[in-house]
Amino acid sequence: MATYNTSEFKAGLKVLIDNEPYLMVDTEFMKPGKGQAVYRTRLRNLLRGNVIDRTYRSGDKIDAADVAEMTLQYLYNDSKNWFFMNPDTYEQYSISKENMGEAYLWVKDGLTVEATFFNDKPIGIDVPKHVELVVSYCEPAARGNTATNVRKPATLESGAEVQVPAFINVGDIVRVDTRTHEYIERVTKS
Amino acid sequence: MRRFFEDRGVLEVETPLLCEAGAVDEHLDPVPVDLHSGGPLGPVRRRYLATSPEHSMKRLLVGGSGPIYQVTRAFRDGERGRLHNPEFTILEWYRPGWDHLRLMDEVEELIRGVFLEAEGGAPEDLRREAARPFERVAYREAFLRALGVDPFRSTVGDLTQAARGQGIAASSAPREEDRDGILNLLLAAAVEKQLGYGRPAFLMDYPPSQAALARVKEGEPPVAERFELYVRGIELANGYHELLDPLEQERRFADANEKRRAAGKAELPMDRRFLEALRAGMPSCAGVAMGLDRVLMLAVGGSSIDDVLTFPIDRA
């Protein structure tokens, strides 16, 4: 199995700890007192998303994780699994709801996502930072109210619920931020 | 800073960067340089860029220089990070007749002066912290506070357990010979980041196994008369009540070479001129080395020494 030596440590490495894949988010060279050099690292678990701190001595090795990325297109879901396709090979992959995390809120037919594979199995996806979705339900727009600071809940075609300005109607296409769940702007008026 | 030393009658000196030998330390790797006698085709003479001016300055002390200081470059191979550059600037000074405790008071005065009177002014919160009396905390106390383990008396098993709690992967079964290695990891992972917040702190009374070039004070347990200064978790200086015994010094160098060999590193030549000087008799003294880049970094409110280096190693 491939390994990484402490001198190869850098942000972005994918490593294996206790048989789980981690992404090295940050690493710092340290040399306390007159002692041996050590490397303090911050690692994100690619399965669960939690972040841990690990300290290694100069010369220590960690196993590389067999992690790969692939661009996939969303097809459909059966509420237990979400199905995607590699647009080049037409090969299909399913990702469990658990591994989808919050991403399931934002996918719609045809959306392109970055999927992460661990030991050849998909373990999660990254949705684009901004997506455009159709409003499937909200209270009707208050007539004449064009203020942007008055908000109301709206349900989007993908199932996500976001706060939108009062002038938004069912059928409008809005752009939202998938990280903050915030409305950004109206793209098309129905 | 130069005024600080001038006012106190400390003489500025300059010593060579290219030396035949320097400190022999398990974890300090000098940059080798090959010179040639009598032109580029002549026989090779191996020299090393100084990892610190310590040996040369001590030879001056033996020669009767009295109190001396120096601002110079130092070179350490393989050291690169947020707080490290293989080439960096050291302020080092020696006080004949003083012990490390008296020197700590002077270090405190200097650092306070630098932060309070820095050109343009150090960040307000740092000025406030530096104005307060510096803390003095024993190595043992710092470990008990941060981790609840006693670096002198806890078993290596207990220390390893504490290390696991700090997310340190144990690379092998705990061994007594590795006690310093484990303590070092704990210092880096958990203890340092609690030192020098709210006000600067001196860490002192080190285990004798980490004395380096410091004297060991008999007691229960014996402690090394060594200190380090921390500001906000960052080590700024390392000082000793200096070891005078040439035999003990030679034994420590030999021991370090033994450990280098075991770790697969090249052995380093003993600095015979330095040992000779010690044999001639060095006056009792205290000395300290300070990382000036880091001091400057803090004074300008930076977070990496790259903020104050004209060209860090990757761009030099």
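Helices and strands here are runs assigned by DSSP: a helix needs at least four residues, a strand at least two, and both are numbered from the N terminus. I also noted at the start that this is a predicted model.

**Entry 1: chain A as a whole**

I started by asking how many helices and strands chain A has. I found one helix and 16 strands in chain A. The radius of gyration of chain A is 22 Å, while the globule rule gives 16 Å for 190 residues, so chain A is more spread out than a compact globule. I then looked at the C-alpha trace of chain A, which spans about 70 × 45 × 25 Å along its principal axes. Of the 190 residues in chain A, 28% count as buried. I checked contacts too: among those in chain A between residues at least 6 apart in sequence, 43% join residues at least 24 apart.

**Entry 2: domains of chain A**

Where do the domains of chain A lie? The domain assignment puts domain 1 at 3-64, domain 2 at 67-126 and domain 3 at 131-188. I looked up the centres of domain 1 and domain 3 of chain A, taken over C-alpha atoms, and they are 42 Å apart.

**Entry 3: strands in chain A**

Next I followed strands 3, 4 and 5 of chain A. Strand 3 (residues 20-30) runs antiparallel to strand 4 (residues 38-45) of chain A, with eight bridges joining them. On strand 4, A:R42 stands opposite A:D26. Strand 4 of chain A also pairs with strand 5 (residues 51-57) of chain A, again in the antiparallel sense, over seven bridges. One bridge pair I wrote down there is A:L43 with A:I52. The hairpin of strands 4 and 5 of chain A has five residues between the strands, and A:G49 takes a positive phi near 85° in this hairpin. A reminder to myself: strands of a sheet pair through backbone hydrogen bonds, either parallel or antiparallel.

**Entry 4: a sheet in chain B**

I moved to chain B and found an open sheet of three strands, in the order 2-4-3, with antiparallel pairing. Its edge strands are strand 2 (18-19) and strand 3 (31-36) of chain B, each pairing on one side only. Two bridges join strand 2 of chain B to strand 4 (residues 44-49) of chain B. B:L18 has B:L49 as its bridge partner in strand 4 of chain B.

**Entry 5: helix 2 of chain B**

Which residues of helix 2 (residues 54-62) of chain B are buried? I listed B:E54, B:H55, B:S56, B:M57, B:K58 and B:L61. What covers these buried residues includes strand 5 (68-75), strand 6 (87-96), helix 9 (272-280) and strand 12 (285-291) of chain B. Just after helix 2 of chain B, B:G64 takes a positive phi of about 95°.

**Entry 6: the cores**

I looked for the largest nonpolar core and found 91 residues, of which B:L186 and B:L203 touch the most other members. Helix 7 of chain B gives the largest share of this core, nine residues. Leaving out residues up to four places away in sequence, B:L186 touches B:F143, B:L147, B:L159, B:A162, B:A163, B:Q166 and B:V191. There is a second, separate core of 23 residues, and A:F84, A:A115, A:A154 and A:I168 are among them.

**Entry 7: where the chains meet**

Last, I checked the contact, which takes 23 residues from chain B and 19 residues from chain A. Helix 7 (residues 179-191) of chain B supplies six residues, the largest share of the side of chain B that touches chain A. By class, this side of chain B has seven nonpolar, nine polar and seven charged residues.

Conventions. Residues numbered from 1 in each chain as written. Chains lettered and ligands numbered in written order. Predicted model: local features only at pLDDT ≥ 70, side-chain atom pairs only at ≥ 80, totals over all residues. Domains from an automatic or database assignment. Contact = placed C-beta atoms within 7 Å. Nonpolar A, V, L, I, M, F, W, Y, C, P; charged D, E, K, R; others polar. Pairing = 2+ DSSP bridges. Core = buried A, V, L, I, M, F, W, Y, C linked by C-beta atoms within 7 Å. Buried ≥ 20, exposed ≤ 12 C-beta atoms within 10 Å, placed from the backbone. Rg over C-alpha atoms; globule rule 2.2 N^0.38 Å.
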